[in-house]
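Q: Hey, could you walk me through this one? I'd like to talk about how the pieces pack together.
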Amino acid sequence: MNPTKLLSYIISFVKGMIPGSYSLFIPNIALLFIFVLAGGFAETSRAQVNAEQCVTIGRNVLSMDDYMLSIQYFNQAIKAKPYLSDPYFFRGLAKLYLEDYKGAEEDCSLAIERNKYKTESYKVRGFARQYLGKDSLAVEDYKIGLQENPDDKYFLFYKGVAETELRRFSDADSTFRHLLRLYPRFDDGITARARLRMVEGDTVRALEDLDASILLAPTGVNPYLMRAELLSHKKEWSAAAADMDEAIRLQPQEPDYYLNRAYLRYNNDDYFGAMADYNYSLELRPYNAAALFNRALLRYEVRDFSRAVKDLDEVLKIEPDNFHARYNRALMLLELGEYKEALKGFDAIAKKYPRFYPAYYAMAECLHQLGDMRGAMTNVHHAEELIKKYVKNPGKFQLDRPTIASGTTNTKGLEEEPDPRDGDDREGETDIRVMERFNQLVTVSPSSTAQLSYNERIKGRVQDRDMAVEPEPDYMLSFYAPRQSLKITSNYFRELDDFNQGGYVEEKINLAPAYSHLSGVGGAGEENASQWERIFSRIEYYEGIAAEGAARPADYLALGIARSMVKNYGEAIRALDKALEKDPRFTVALMARAYARQAESAMREAEEGDSQLRRLEATRDIAAAIADYDAALELNPRLVYAWFNKGNIYYRMRDFTSAMQCYSEALRLDPEFGEAYFNRGICYFQMGNKRQAFIDLSKAGEAGVVQSYNILKRMK
């Protein structure tokens with residue numbers, strides 16, 4: 001597949017938009033796909049417990065979206081039993097989420113070599129191959145899967161989508177017919193067939209399919225977006241805007257939806273509504289060049305030149321080579337009478353595009369206003385000479401018609417630049433005419449918005465909360481020091497310092513926010529991998545000491561911390577139990593076990609399915625964690641991090657009153673504890689007390705919690 005080619009419907013499904021000029025496409029099928037991939041796989045290995053345990057823990061970690069750590073577990077299983085299929089398959093799935101499509105394809109191939117009957121491997125490999133542009137090979141993978149499961153809904157679905165991309169319209173139509181004969185109420189299948197018909201140019205039947213899909217699943221956003229696109233092509237702006245209204249109602253946190261609706265409202269002469277949509281889109285995504293550019297053009301049309309220039313300044317900070325932004329900025333400065341600054345802009349354009357004749361007319365106007373009549377006439381003559389040469393021999397003396405590269409500005413090019421032979425009177429040209437001619441209010445370019453990844457969509461199921469306010473994370477014990485930050489206070493408590501000073505274990509134990517217990521967490525590369533290797537080696541070391549019966553409370557503490565760092569919380573708790581059996585007043589071990597218990601509870605709650613037993617176990621873990629923090633506070637009432645972590649437990653339980661009491665106690669002990677201010681502030685926010693929330697978030701910002709300012713801006 002050519003990288004510049006518009007992506008197909010399958011790519012649209014996963015990346016979150018539909019090819020086309022006016023509408024995005026963020027379907028629910030990505031959720032269905034991950035459900036198919038992540039659930040219900042039969043374990044084929046019957047190897048030793050160690051390998052099976054690594055695969056099981058790796059799958060649990062994978063379900064928590066911690067892809068890098070899950071890969072480490074699968075690596076351990078592969079080292080132990082390289083002939084097993086499952087570790088390769090799940091590692092390939094993790095790589096798919098990380099957008100390593102080549103790695104996913106290779107791992108699935110290795111899984112297939114070891115077990116060619118595991119059909120889900122073909123599904124994941126086919127999906128990865130579609131991202132790599134290997135649509136023909138993807139179809140072959142789906143065919144193999146269909147040999148084993150001829151009526152599999154998703155093999156048929158993705159096969160039809162791939163055939164659409166390959167423009168094998170007859171094959172795609174046959175696949176969708178078979179799919180919808182088996183599953184006549186499969187709304188995503190009907191929507192996929194609508195896409196096929198759109199590509200074929202059969203808009204009538206495409207609309208019929210979209211109407212049917214909406215009737216079956218009125219809460220699915222995809223058909224509304226596709227229908228809005230079709231209606232906009234027909235210039236039915238009001239009807240298209242109504243579909244975008246529905247899409248926004250279903251997914252109100254998608255900034256590009258507002259950008260698209262603004263385009264439709266603009267074309268329907270609803271300038272006020274268009275401006276409102278641009279403003280809100282920029283609240284959701286402040287550095288969106290397309291929204292800034294469009295808002296600038298709209299402000300230009302209503303003659304709000306100063307603020308329009310400011311918007312274009314922001315665009316040029318993001319995209320310094322944006323010709324449209326630079327040209328329009330110069331026009332606006334010309335209107336404002338800032339002739340010298342405008343002249344600089346036009347001169348820069350003329351140097352880059354020496355045959356773009358409108359720049360010379362504009363420079364002539366600037367020079368005329370500055371009193372340089374000779375320079376003005378020189379530029380006018382040069383522009384007229386360019387036009388005469390073009391009229392005489394268009395093939396030899398082509399004029400520059402600069403456009404913006406796809407994916408850099410999300411704007412349309414200047415393809416509509418009129419032929420100078422039409423006899424336009426440029427000296428009397430109005431602002432509106434210039435705007436209509438050289439620029440159009442633009443929508444999101446599919447080639448740029450298609451950068452939204454499969455990984456991001458799946459992660460969005462758990463983590464995609466663009467407008468949500470999340471608390472600062474718990475503190476945990478770790479062998480790694482916390483990352484550098486703007487935080488004022490140090491992560492210190494007396495018992496931990498005494499333990500480190502005593503040199504009971506080789507490693508120094510640190511207290512750190514849970515997200516930063518590895519300096520490379522979430523990253524890649526040899527340094528990150530070696531850190532994981534060191535942790536696994538420490539686990540083996542302390543397990544060896546325990547097996548020999550020579551473990552001290554300090555050794556069990558170190559073992560429990562290492563296991564917590566790799567999210568093996570159940571085994572971490574067991575090690576810490578042993579430490580506390582030997583020393584019930586071991587405050588550091590109480591803190592470590594409390595964290596492991598609350599993390600274990602969070603992992604249970606994240607598991608798929610509705611299990612009363614799992615909920616009871618999670619509740620038990622929470623109660624035990626609170627009991628451990630209370631026990632630690634009995635031994636050390638000034639342990640601010642125990643109060644803070646307790647507050648986070650109550651926050652997650654939505655007991656905001658109890659959470660605020662814990663954060664307040666932490667702040668009584670440490671008035672510069674920025675994270676406690678932040679979390680208490682968002683508790684106030686959840687309870688509707690904006691005034692107090694403003695005070696606390698401001699304090700948190702002063703103490704180095706940078707995101708406080710972002711939340712303050714949203715609240716205002």
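This is a predicted model: local features need pLDDT of at least 70, side-chain atom pairs count only at pLDDT 80 or more; totals for chains, interfaces and linings use all residues.

Q: Good to know. How many helices and strands are in the protein chain?
A: The protein chain has 36 helices and 2 strands.

Q: And what share of the residues is buried?
A: Of the 716 residues in the protein chain, 57% are buried. As for contacts between residues at least 6 apart in sequence, 61% of them join residues at least 24 apart.

Q: Let's zoom in on a helix pair. At what angle do α11 and α12 pack?
A: The angle is about 165°, and the axes of α11 (residues 187-200) and α12 (residues 203-216) are 8 Å apart. An angle over 145° counts as roughly antiparallel, and therefore α11 and α12 are roughly antiparallel to each other. The crossing of α11 past α12 is left-handed.

Q: Which residues meet there, between α11 and α12?
A: From α11 you get D187, I190, T191, R193, A194, R197 and M198, and they meet R205, A206, D209, L210, A212, S213 and L216 of α12. Sorted by class, this contact of α11 with α12 has 7 nonpolar, 2 polar and 5 charged residues.

Q: What about α11 and α13, how do they pack?
A: Helix α13 covers residues 221-233, and α11 packs with α13 at about 20°, with the axes 10 Å apart. That makes α11 roughly parallel to α13, as angles under 35° count as roughly parallel. Here too there is a left-handed crossing, with α11 passing α13.

Q: And which residues of α11 and α13 meet?
A: D188, T191, A194, R195 and M198 in α11 meet N222, P223, M226, E229 and L230 in α13. By class, the contact of α11 with α13 comes to 5 nonpolar, 2 polar and 3 charged residues.

Q: Switching topic to the inside. Which residues touch the most other members of the largest nonpolar core?
A: That would be L477, L557, M591 and F673, in a core of 86 residues. Helix α30 (residues 587-606) gives the most to this core, with 10 residues. As background, nonpolar side chains in soluble globular proteins tend to be buried together.

Q: What does L477 touch?
A: Setting aside residues up to four places away in sequence, L477 touches L496, I509, N510, L511, I561, M565, V588, M591 and A592. A second, separate core has 51 residues, including A330, A359, M363 and C366.

Q: Nice. Where does A342 lie?
A: A342 is in helix α20 (residues 339-352). Its relative accessibility is 0%, so A342 counts as buried. Apart from neighbours within four places in sequence, A342 is in contact with A330, L333, L334 and C366. A330 and C366 belong to that second core.

Q: How about N328, buried or exposed?
A: N328 has a relative accessibility of 0%, so N328 counts as buried. This residue sits in helix α19 (residues 323-335). The C-alpha atoms of N328 and G345 are separated by 9.2 Å, and the two residues are 17 apart along the chain.

Q: And S564, which residues is S564 in contact with?
A: Beyond its neighbours within four places in sequence, S564 is in contact with M476, Y569, A572 and A596. S564 lies in helix α28 (residues 553-565), and at 4% relative accessibility S564 counts as buried.

Q: Last topic, the backbone. What is the phi of R167?
A: R167 has a positive phi of about 60°, although it is not a glycine. R167 is in the loop between α9 (153-165) and α10 (169-182). For context, most residues other than glycine have a negative phi.

Q: And where does D269 lie?
A: D269 is in the loop between α15 (255-267) and α16 (271-284). Its phi is near 65°, again a positive value in a residue other than glycine.

Q: D269, buried or exposed?
A: D269 is exposed, with a relative accessible area of 63%.

Key:
Residues are numbered from 1 along each chain as its sequence is written. Side-chain values use heavy atoms; hydrogens and water are left out. Axes are lines fitted to C-alpha atoms, for helices over the stretch in contact, and angles run from 0 to 180 degrees between N-to-C directions. Helices (H or I, at least four residues) and strands (E, at least two) are DSSP runs, numbered from the N terminus. Angles under 35 degrees count as roughly parallel, over 145 as roughly antiparallel, 65 to 115 as roughly perpendicular and the rest as oblique. A crossing is left-handed if the near helix is turned anticlockwise from the far one by less than a right angle, and right-handed if clockwise. Contact means heavy atoms within 4.5 Å. Ala, Val, Leu, Ile, Met, Phe, Trp, Tyr, Cys and Pro count as nonpolar, Asp, Glu, Lys and Arg as charged, and the others, Gly among them, as polar. A nonpolar core is a set of buried Ala, Val, Leu, Ile, Met, Phe, Trp, Tyr and Cys residues joined through side-chain atoms within 4.5 Å. Buried means under 20% relative accessible area, exposed over 50%, partly exposed in between (1.4 Å probe, protein chains only).
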